[in-house]
Amino acid sequence: MLLEVKNLHCMVDGKPILKGLDFKVGRGEVHAIMGPNGSGKSTFASVLAGNPKYEVTEGEVLYDGVNLLDMSIEDRARAGLFLGFQYPVEIPGVSMANFMRMAVNARREYLGEEPLSAADFLRLMRDKGAVVELDTKLTNRAVNEGFSGGEKKKNEIFQMAMLDPTLAILDETDSGLDIDALRIVANGVTKLKRPDNATIVITHYQRLLDYIVPDFVHVLYQGRIIHTGGKELALVLEEEGYDRIINEYNK
Amino acid sequence: MQRPLEEILSELYLSNIDMIGEGVPSWVNAMRSGALENFNLLSLPSSGNEDYQHTDIRRMFAGEWETYFVPSGEIRAEDRVVPANGYVVDVVNGFCLSDELTTLDNGIVYGSLRAAMSTIGDVVSKYYNKIADNERAAVTALNTVFAQDGAFVYVPNGVKAELPFTLTFVGRSDEQAQMCFSRALIVVEDGAEADVVIAHVGGGDRGLLADHVREVYTGTDATLKITEVKSTGGEVFSVNGNYLRQECGSRVDMVNLWLGGGVTRVNAVTDLAGADCESNLHGLYFANGTERVDVNMTVNHLVPDCRSSELVKGVVSGEAVGAFTGKVYVAPDAQRTEAFQQSRNIQLSETAKVYTEPQLEIYADDVKCSHGATVGQMDEEAVYYMRQRGLSEADAKRLQLFGFVNDVISKCSGDAACECLAGLAQARIDEM
C-alpha cells in the first residue's frame, strides 16, 4: 500500500472534524473522495499535507510504510506527497521559476539526485507547461499573483507535473473552473498518471470524474468514510445526492 | 551644569574656523556664519519634537565625538559594496580622496566638491546650498557650517552621461569616536541624463556620527536615476538630509536602500518646482537587533501637473525600530497633481516596532492623491504553501521576504549595481 490511514481523528480549534477515518490507496490507483459540505474532505487533505492548523488526536498514517505524521511538511513533499490547493496562495515578488527551481531541487536532493542545471530546468518548465497548456508568460510572473481562478488551478497541476509526485491529492481542483479549463486540468492529471503513482481527487461534482476516471469513489461524512464504490458511484450520487447513503449509514 | 549642545558645537566651529575654511572660496565660507545662526535659532530637535520622536538627535550629538578638519583615512577593498563603475568619486570622512576634478570632453565634471568650488565657482555657486533647507532643519544647517568637501557631479545642458557615476562615502573611526560632515552636489542640467549610484559605507568599532547632505538638481527635461545605499558596520549614527529639486518635465527615479548599521535618520525633501515633473521615490530598510531607521520624506508639489510616487518598504526584527513619515504637500495652485504614497512593513518579531504615518496636506482641488500604510507579519499561508512544495521553512521565509523587497530592489539603476544590491539585501534577509 502506498497510503494507509487508520482510525484518523483530528481537531481544529478544539472541534473534532475527522472521527476515525480509514482509507487505503495502492500504487496506480485513482481515488475520488466526495461528500457533503463540512464532512471533512479538505481537512483530510490538509492533515495529510501536514497543515499545522490541524491537530491529529488519534490514529495512524503510513506513507510507503513510514509514519507520515512524524514527518515535517517539507519532507512529506520531498517524499512525493503533493497537495493541489483549493485556494492557491499568491506570493508577491517570488517568481514561479525561482520558486519551482528551489522546490524541484529540494525534492531531487531528498532523492539523492544532483540539482538540475539551469538549461535542464528551463526545458523541464517548458515541457511541463505544455502539459497543462500554461502560458509561458505565467511562469515568468510571481507565484499566482494576478492569476485568474482557472490559471491558479492550472498552475497547481503545472507544479504537480514539475514535481512528479508519488501521491497527488487534488483538493477541489475543479471548483471555479469553466469547462475548457476543467478539461485541461483533468487531461493534465491523466497524462501524469503512471503505474507507480496514485491520485486522490477531492471533489463536489461528478463532472470532473468524466475526465479523471477513478478506480474508487468514497463518501466522506462526519469525519469518516461511510461508503466506497466504483466509478459508477459518482453517477449515482450525482443523480440522487448523499441522502440515501447517509440514511443507510445512520441506521 | 552642562553647557547646551548648541554652544559646544558653535564653539567647535569658531575655534576651528580657519582650518574649516581653508582651501574653500570665501563665498562658501560666508554661508557658514548664516547657517550657524540658523542652527542656533532652530537648535537641535529634542525627541519631544513631533518630527523627531523616533530618533533622539540630541543624544546622538551629545556623544564624545572627535572631529578632524583635515583629510584622514583611505578606501579599502571592503568599502566597495557596490563596484566602482564608470565615473568614480571616493570620499572618506568628509574629504574627497583626490583633490582633482575631472572634466570630460562633453563638459561633464566630477570629483571633489571643494575643488569644484574653487575652480568652477560660477557653476557651483548657482546650486550649492540653494536646494538644501537651512531654515528648517538644524542638522542641515550644521552640515553647512562644517562641511569642507564631498562629491560633485555636473552634467551640463543636453549631455547624456555615457557611464554611471559611483560616489562612495566612507565613514570610519579607528582610534576615536568621530563626527564627520560630508556633502554631495549633483547637478543634471536641462535635457541632460545621468545615472548615479551612491554608497555610504564603513563603520568602525569606536562609533561614528555622519552628517551628510545631498543636494540634487534636475533641470528642464532632465532625467536622473539615482540609487543610494547605506550599508555600514558597527555603531554608526547617520543623519542624512536629502534634497532634490526638479524643474519642468524632469524625471527622477530614486531608490534608497538602508541596509543597516546603527541608527539612521533621513530627512528627504523633494521640491517639484516645474510643471510636468515625474518623481518616483522608492525606499527599503532593514533593521534588526537594536538598529533604528527613521525616514522622513516630504514631497512638495509646488506647481501644477506633476506626478510623484513613493513606495517605502521596511523589515524589522529583534528590538529594532522602523519609522516612516511621509508628507505630501500640494500647493494651492498645483492642480492636476498626482501623488501616491505607500508604506509597507513586515514585523518579524513582537519586540520590534514600526511606526508609519502618512500626512497629506492638499490645498488644490483637482488632484489625485492616495496613500496606504500597512504593518504585517509573514504570511503563514504562503510559508505553508511553499513548504508543501518541498522548501524548508527557513527557505520559504527567506523567499517570501525577498519577494517582499524585490519590487524595490529591482528598480535600482545600473544592472551591475542592482545585482550587487540584490545580493546585499539577500545577505541582510539571511541575518534577519
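## Basis of the report

Two residues are taken to be in contact if their C-beta atoms, placed from the backbone, lie within 7 Å. The model is predicted, and local features need pLDDT of at least 70 while side-chain atom pairs count only at pLDDT 80 or more, although totals for chains, interfaces and linings use all residues. Residues are numbered from 1 along each chain as its sequence is written, and chains are lettered from A in the order in which they are written, with ligands numbered from 1.

## Interface between chains A and B

In chain B, 19 residues are in contact with 21 residues of chain A.

Where strands pair if DSSP finds at least two bridges between them, chain B holds an open sheet of 10 strands with mixed pairing, in the order β2-β1-β6-β8-β10-β12-β14-β16-β18-β20. The edge strands, each pairing on one side only, are β2 (95-96) and β20 (367-376) of chain B. Strands β16 (residues 307-316) and β18 (residues 337-347) of chain B pair in the parallel sense over 10 bridges, and B:Val312 stands opposite B:Ser343 in β18(B).

Helix α9 (residues 393-409) of chain B packs on the sheet and touches β12 (251-258), β14 (278-287), β16 and β18 of chain B.

Definitions and conventions
Helix = DSSP H or I, 4+ residues; strand = E, 2+ residues; numbered from the N terminus. Axes fitted to C-alpha atoms, helices over the stretch in contact; angles between N-to-C directions.
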